Amino acid sequence: MRHSIRLRLILIVSLMMIMAIASIFIANIFLLPEFYSAEKISSMSGVYDEVSKICKNVDWSAVTDEEKGKIYDQLDSISDKRSVSIYIVQISASDEGSIANINYSYPAFTPRLREVTQGMLAKYVRAMYLGEKLDDSCEELLKSDQYAVYKVYDDRIDSNYIELTGQLPDGYWLYLRANYTGVTENANVSNRFLIYVGIVVTVISILLIFLIANRYTRPILRLARWAQEMRGLDFSSRYEEKRDDEIGVLAGSMNELSDKLEKTITELKGANIELQRDIEKRSEQEQMRQEFLSNVSHELKTPIALIQGYAEGLKENINDDPESRDFYCEVIVDEADKMNRMVKKLLSLNQIEFGEGQVRLEHFDLSELIGSVVAANDIMFKKKEVELKYYPEEAPLMVWGDPFMIEEVLTNYVSNALNHVKPLADGEQSIIEIKALKNGAKVRVSVFNTGDPIPEEDKDKIWTKFYKVDKARTREYGGNGIGLSIVKAVMEAHEQGFGVINYDNGVEFWFELDIK
């Protein structure tokens, strides 16, 4: 398995072991010498402070042998504990400022020791107080008012030392020397030891982790395979191994879960199918009811207004001649009949939106239908003082579609244009233009009105039920935002194009129908 826990545990432990060993190895190489040097400098500074306290007010020329022995014991103890050689001397200078003589007060110097230390000490003293430059074998590590610390390479014995030279009270000088070469050798030995031990420990750790991981990953893999079977609704398997740890608890819980799921799913399968059907049916009925009521209230508004207008004309005796009264009555009867047919068709239209209704295709005269809609709205054009421009194609203009539904589309477009038409400027007349133009095998019908264009962000939303671009204006003329959603449902049921185009001077709504 590519990303198994066992492999990850082995890799993590191996990397941790290797990183730990590598970190110690690098620290030994790069940090240990510096750390050791810093510690040694600190230690030698402490020795300087301790020796200064011991030798304070000591007159080496007048001290008794007993007193000198006690001082030597203290200095020997410090030297042993701190692993540093201690030399206390008195330096006299010549008239020219050079060092004339060095008298050794501690320890008892052999001639050879005197020769070696005298040269080194004289060099440091001259560097500190006469300003002479040290040679390349000396590297200054620390310098204060009382003492200076150097790292020195002694070519006689091919070794490095850390040395301190400082002035004590009463004109005496302190010279400390500690071996520095040993730390490098110790680091190399330590690194070799770490490599050997690290390899052995890493191999042993990998083997142990492999064994431990196997013990815990095998039952987990069995549980995973069982869970996959449960995911496929196969509840026949059971985890039979008895364990007292967390895996055993998990297995027992999964056994219980499997039993309950098997029982519950069996019961739910039948109930879920029945419930789903009921929910879908209720939801569909409720939505259809709401849509139907909204559509009816919107679509009946125009014919009711026409009937009311012609009825009021009859009541007020606008035209006394019998012919006009008969015409008014015919319009009222015709619009009432349209309302009756409209109520029936609205239910079918509502079903069309849910894919249940069917479009009844007929070969009808589109010019006659447009003329009928224009005549029915003549009184509204006059009331709005709108200049109607209608240029029909030659009659008849035969197309395929559901005449009633297409009439609803055109009526909605005309009604929408009447509600939003505006003059382009003061003193000009509002214009509504209806066109029906052939375009190959199709006819495009468009209704244009002068007025404000539709905001670009609203062009796709106006086909949504109840959406209103200008709510205040919509309330003013009593709209409810249903008309264009009916247009969308009808044209989608006809599988024909429709849309809206903005112009600088107004808005054009259009739809298409097949000629063939």
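**Buried helices, paired strands and aromatic contacts**

Ser-45 counts as buried because its relative accessibility is 11%; buried means under 20% relative accessible area, exposed over 50% and partly exposed in between, with a 1.4 Å probe and protein chains only. The model is predicted: local features need pLDDT of at least 70, side-chain atom pairs count only at pLDDT 80 or more, and totals for chains, interfaces and linings use all residues. Residues are numbered from 1 along each chain as its sequence is written, and side-chain values use heavy atoms, with hydrogens and water left out.

Ser-45 lies in helix 1 (residues 5–55). Helices (H or I, at least four residues) and strands (E, at least two) are DSSP runs, numbered from the N terminus. Leaving aside neighbours within four places in sequence, Ser-45 is in contact with Leu-142, Tyr-147 and Leu-164 (heavy atoms within 4.5 Å).

Helix 10 covers residues 403–420. Of its 18 residues, 17 are buried. At the start of helix 10, a side-chain oxygen of Asp-402 comes within 3.2 Å of the backbone nitrogen of Phe-404. Helix 8 (residues 366–376) has buried residues including Leu-366, Ile-370 and Val-374. Its N-terminal end is capped by Asp-365, with a side-chain oxygen 3.0 Å from the backbone nitrogen of Ser-367.

Strand 11 (residues 442–450) is mostly covered, with 7 of its 9 residues buried. It pairs in the antiparallel sense with strand 10 (residues 430–439) over 8 bridges; pairing requires at least two DSSP bridges between two strands. Glu-433 stands opposite Phe-448 of strand 11. The hairpin has 2 residues between the strands, and Gly-440 takes a positive phi near 70 degrees. Strand 11 also pairs with strand 13 (residues 506–514), antiparallel over 9 bridges. Here Val-447 stands opposite Phe-509.

The structure holds 7 aromatic pairs. Rings of Phe, Tyr and Trp (its six-membered ring) pair if their centres lie within 6.5 Å; planes under 30 degrees apart count as stacked, over 60 as edge-to-face and the rest as tilted. Tyr-87 and Tyr-175 are stacked, at 5.4 Å centre to centre and 25 degrees between the planes. This pair links strand 1 (residues 85–93) to strand 6 (residues 172–179), across 88 residues. Tyr-175 is buried, at 1% relative accessible area. Tyr-413 and Phe-511 are tilted, at 6.0 Å and 45 degrees.

Terms used:
The expected span of a helix is 1.5 Å times one less than its number of residues. A polar contact is a pair of N or O atoms within 3.5 Å; within protein, one must be able to donate a hydrogen and the other to accept it, and residues adjacent in sequence count only if both atoms are side-chain atoms.
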